[in-house]
Amino acid sequence: MSDLQTISEIKKCPVQYVLAINDTLNVISGKWKLPILASILYGNYRYKDIQTNIDKITPRMLSKELKELELNGVITRNVYDSTPVRIEYKMTESGKNILTVLDAMVDWGVSHRKSTLIHSD
């Protein structure tokens with residue numbers, strides 16, 4: 001995609017549509033990225049706060065995922081010159097836009113769970 005296209009233009013071309021979905025999945029794929037983003041979105045900016053908020057994530061995995069999210073431009077890592085050194089992670093403007101994706105996923109998940117539970121009885 002050399003030129004940025006509108007969503008309506010992308011929807012007209014299956015190849016561009018799939019490419020856009022793949023771009024999104026490349027950034028948020030994996031077991032831990034969405035929980036990390038949700039944690040940061042709701043005010044857990046420090047490494048320890050994020051780790052405490054996400055059950056069963058190892059320190060090594062959290063560090064790896066935070067680095068990938070930073071490389072993809074979804075979060076920023078700020079190091080403050082204090083004693084002890086304080087490091088905070090914040091969403092970039094692009095990262096903040098993921099909230100609409102997360103909200104849509106939650107809406108779909110709740111709806112799907114309800115319909116599945118109703119039909120499985």
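## Surface and charge

The accessible surface of the protein chain amounts to about 8900 Å², and 57% of that area belongs to carbon and sulfur atoms. The structure shown here is a predicted model, and the values below should be read with that in mind. As for charge, the protein chain carries 16 positive and 14 negative side chains, with the centres of the two sets lying 6 Å apart.

## Overall fold and dimensions

The secondary structure of the protein chain consists of seven helices and two strands.

The C-alpha trace of the protein chain spans about 55 × 50 × 20 Å along its principal axes. Its radius of gyration is 17 Å, whereas a compact globule of 121 residues would have a value near 14 Å. Of the 121 residues of the protein chain, 24% count as buried. Among the contacts with a separation of 6 or more, 41% are accounted for by residues 24 or more positions apart.

In soluble globular proteins, nonpolar side chains tend to be buried together. In this model the largest nonpolar core has 19 residues, and those with the most contacts inside it are I36, L37, I40, I50, L66 and I75. The elements that give two or more residues to this core are α2 (14-28), α3, α5 (59-71), β2 (86-91) and α7 (98-120), and α3 gives the most, with four residues.

## Helix α3 and what follows

Helix α3 covers residues 33-41, and its buried residues are K33, L34, I36, L37, S39 and I40. An α-helix has 3.6 residues a turn, so residues three or four places apart point the same way. Within this helix, K33, I36 and L37 are among the buried residues.

If residues up to four places away in sequence are not counted, L37 touches I28, L69, V74, I75, M91 and I98. Just after α3, G43 takes a positive phi of about 95 degrees.

## Q51 in helix α4

Residue Q51 has its place in helix α4, which covers residues 47-53. Is Q51 buried or exposed? Q51 counts as buried because its relative accessibility is 18%, and the cut-off for a buried residue is under 20%. Leaving aside neighbours within four places in sequence, Q51 is in contact with I57, T58, P59 and L62.

Note on methods: Residues numbered from 1 in each chain as written. Predicted model: local features only at pLDDT ≥ 70, side-chain atom pairs only at ≥ 80, totals over all residues. Heavy atoms only, no water. Rg over C-alpha atoms; globule rule 2.2 N^0.38 Å. Buried < 20%, exposed > 50% of the residue type's maximum accessible area, 1.4 Å probe, protein only. Contact = heavy atoms within 4.5 Å. Areas by Shrake-Rupley, 256 points an atom, 1.4 Å probe, with all protein chains shown as cover. Lys, Arg positive; Asp, Glu negative; His and termini not counted. Charge placed at Lys NZ, Arg CZ, Asp CG, Glu CD. Core = buried A, V, L, I, M, F, W, Y, C linked by side-chain atoms within 4.5 Å.
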